[in-house]
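Here's a quick briefing to read alongside the model. Have the sequence and the 3D view open as you go.

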Amino acid sequence: MSIACIASVQYAAANFGVYVQISEKYVKNGYCLHDNVKKSLLLFDTRPEEEYKVAHIAGSIRVDPDENGVKNSLQIIKEREKQLNSSLFVVSYCAVGYRSSQLAEKVIPFLNPETQWRNIEGSLFKWTREGREMVNSRNLKTTRCHPFSTFWGMIFLDKKHRSFE
């Protein structure tokens, strides 16, 4: 991995949000244990549609990290919290964590103080390398994710885990 890539990932980790490792069990069951309290889990995928179609974590909602994505995220969170009558544990991801961190940074100031927000540690590239479950746009299991670019794909994913389609 190049120095520039390491610096970019370290910058994102240092400046944007808190990272969390998350169990597939929680994702499948739609909840998370935080401070020994069971909370409903909401997953946001902050990658563009073409990346999301190749692979995403089942149950995740795709939102853009731009201003419309901020509005959409807040609306989804508020509606879900109202429906459940409780705060949520929101988890976001992208390819390496930068875009999901950007969204988190913009949304967190407007959240209910009990609502927790974390990024998946290593985001989808790490999730993919660990062989965790993902689905494609047809809701079929897949082991390959969109590499964002040839450069990033070569750094973080081996050939068997890369696909632009």
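Predicted model: local features only at pLDDT ≥ 70, side-chain atom pairs only at ≥ 80, totals over all residues.

Buried here means under 20% relative accessible area and exposed means over 50%, with partly exposed in between (1.4 Å probe, protein chains only). Residues are numbered from 1 along each chain as its sequence is written, and side-chain values use heavy atoms, leaving out hydrogens and water.

**N119 and its partners**
- N119 sits in strand 6; strands (E, at least two residues) and helices (H or I, at least four) are DSSP runs numbered from the N terminus.
- Its side chain makes a polar contact with the side chain of S92 at 2.4 Å, and another with the side chain of S101 at 2.7 Å.
- A polar contact is a pair of N or O atoms within 3.5 Å; within protein, one must be able to donate a hydrogen and the other to accept it, and residues adjacent in sequence count only if both atoms are side-chain atoms.

**Cores**
- The largest nonpolar core has 15 residues, and I57, V91, I120, L124, W127, M134 and C145 have the most contacts inside it.
- Strand 3 (37-45), strand 5 (88-93) and helix 6 (123-129) each give it two or more residues.
- Apart from that core lies another, of 13 residues, among them L42, F44, V70 and V107.
- A nonpolar core is a set of buried Ala, Val, Leu, Ile, Met, Phe, Trp, Tyr and Cys residues joined through side-chain atoms within 4.5 Å.

**Helix 4**
- In helix 4, G69, V70, S73, L74, I77 and E81 are buried.
- They share one side of helix 4, because they cover an arc of only 130° around the axis, taken from the directions from the helix axis to the C-beta atoms.
- On the other side, N68, K71, K82 and Q83 are exposed.
- D66 caps the N-terminal end of helix 4, with a side-chain oxygen 3.2 Å from the backbone nitrogen of N68.
- After helix 4 comes N85, with a positive phi near 55°.

**Rings**
- A search of the whole structure turns up 1 aromatic pair.
- The rings of F44 and W117 have centres 5.8 Å apart and planes at 35°, so the pair is tilted.
- Rings of Phe, Tyr and Trp (its six-membered ring) pair if their centres lie within 6.5 Å; planes under 30 degrees apart count as stacked, over 60 as edge-to-face and the rest as tilted.
- Both F44 and W117 are buried.
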